[in-house]
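Let's walk through this model together, starting with a pair of helices and ending with a stretch named in a database record.

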Amino acid sequence: MNKNLIFRGTEIHKSAYLDEAIFITEQKSVFMQSWLYLCHGSQIPAIGDYFTTELASQPLVAIRQKDNEIKVLYNRCPHKGVKILPETNGNSGRFLRCPYHAWTFKPSGELLSIPVKTEYDPSVLSECEASIGMKAVDNVVCYRDFIFVRLSAQGLPFDIFFGDALSTLDNMIDRSPKGALRVVGVPLRHRHHCNWKMVMDNQTDTCHPMVAHESSAGEAVNLWAQADQQGAQPTAVELLSPLMSPHAFFSEMGIRIWANGHGHTGVSNSIHKDYSEIPDYWESMVESYGEERAQQILSDTRHNTVYFPNLVVKGPIQTLRIIRPVSASETVVESWILELVGTPQKMLERTVQYNNLINSPCSIVAHDDVEMYERATEGLKSQANEWVNIARLYDPAECWDRTTQMSGTSEGAMRNFYSMWQRMMEGGNGE
């Protein structure tokens, strides 16, 4: 399959979802050269605190330094290659120590000591890359406590890569009267037997909820309709029922796309628009921002914001999902929740309930999507048709180098995503 023919405007070749060779190329061409979310500053609040993860198949660790800056290192001893920090998080103390031969390093990665160093010829050791210490990631940006890295020397600068798409993070942060977020707990992890791009496609697909989720969200709505309905509507029904909105609702709520593969559903309306008020929250926002600015912040209820290539943010409900590719046919989805600092406890409780209802491996809703991903993976092995169609509301004049708004049922956000994907697969690093 000629890679130049994988995306042809309104269709994606099925190999993009099935071919392991394409998956391997993605890690270098797409993930290495994109800005990837690593962690949030609230996860490493004290000097020496660290957070480990893997991005683009690279083991990494973010460590808060004495000057309060964040440094990101490759989590690998330069001696024998042993991963130095096996835990997800902790505190490094005064130094990092390899558990294999006790080479030690400053939290900044610089080599501190080597056992029996006299047995190394100084001139030989100085010529070895190991003498430098743990290699640091050169391209690190901390944007309002969200830490991003670009692992390749090649690629777009941070501000150009994201552009106006950062407004979703701004809005989520500004929903706190203190202008601050805090990551709470550990993520829900859900392993899917499908390609990672199927999960990304789903985030801006507004024509599936009322169909795929009819047996879950739809049943919750039906049960509530048949109940006595004494008292307030249960939070679960409030959170699930918008998924049953008709096509017209999703069409009218709109989609906005930005250059470089980013975009979001929910421009003029959203499934997060009509949540019940939580006492004292509005008052605290007005006190911090003034009534006009508070109204502006809270009326922007974006649904799913897709950050190319693998981050999804729901600002109004404070959830963040990282779509982690494992292989061509396996993906892990991490669903994190964030607390709006300075808000009533009920706000966090609603966020927790939403994450459990929608994103948990035990969720009645998530299983609908997972079933569709797995059935698509099997169906694409068919010889009947080699192409996946994303032509809904296609416009031959479409251009993906500027901010554009369109109908909420358009597949334009997917076309924008694959336009960026293909440019990077062809070696253009998005430029």
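Here is a short tour of a helix contact, one of its residues and an annotated region.

Before we start, please note that this is a predicted model, in which local features need pLDDT of at least 70 and side-chain atom pairs count only at pLDDT 80 or more, while totals for chains, interfaces and linings use all residues. Residues are numbered from 1 along each chain as its sequence is written, and side-chain values use heavy atoms, with hydrogens and water left out.

Two packed helices are described by the angle between their axes and the distance between the axes. Helix α2 spans residues 20-31 and helix α15 residues 412-425; they pack at about 90°, with axes 9 Å apart. Helices here are DSSP runs (H or I, at least four residues), and strands are runs of E of at least two. The pair is therefore roughly perpendicular (65 to 115 degrees). On the α2 side, Ile-22, Thr-25, Glu-26, Ser-29 and Val-30 make the contact, and on the α15 side Trp-421, Met-424 and Met-425 do (contact means heavy atoms within 4.5 Å).

Now look at Thr-25, which lies in helix α2. Its relative accessibility is 33%, so Thr-25 counts as partly exposed (between buried, under 20%, and exposed, over 50%, with a 1.4 Å probe and protein chains only). Leaving aside neighbours within four places in sequence, Thr-25 touches Val-30 and Met-425. The C-alpha atoms of Thr-25 and Glu-426 are 9.9 Å apart, although 401 residues separate them along the chain.

Finally, an unreviewed UniProt entry annotates residues 36-115 as "domain: Rieske". Over residues 36-115 the chain is 42% strand and 0% helix, and the end C-alpha atoms lie 36 Å apart.

Definitions and conventions. Axes fitted to C-alpha atoms, helices over the stretch in contact; angles between N-to-C directions. Parallel < 35°, antiparallel > 145°, perpendicular 65-115°, else oblique. UniProt positions renumbered as here; feature names shortened; annotations may be inferred.
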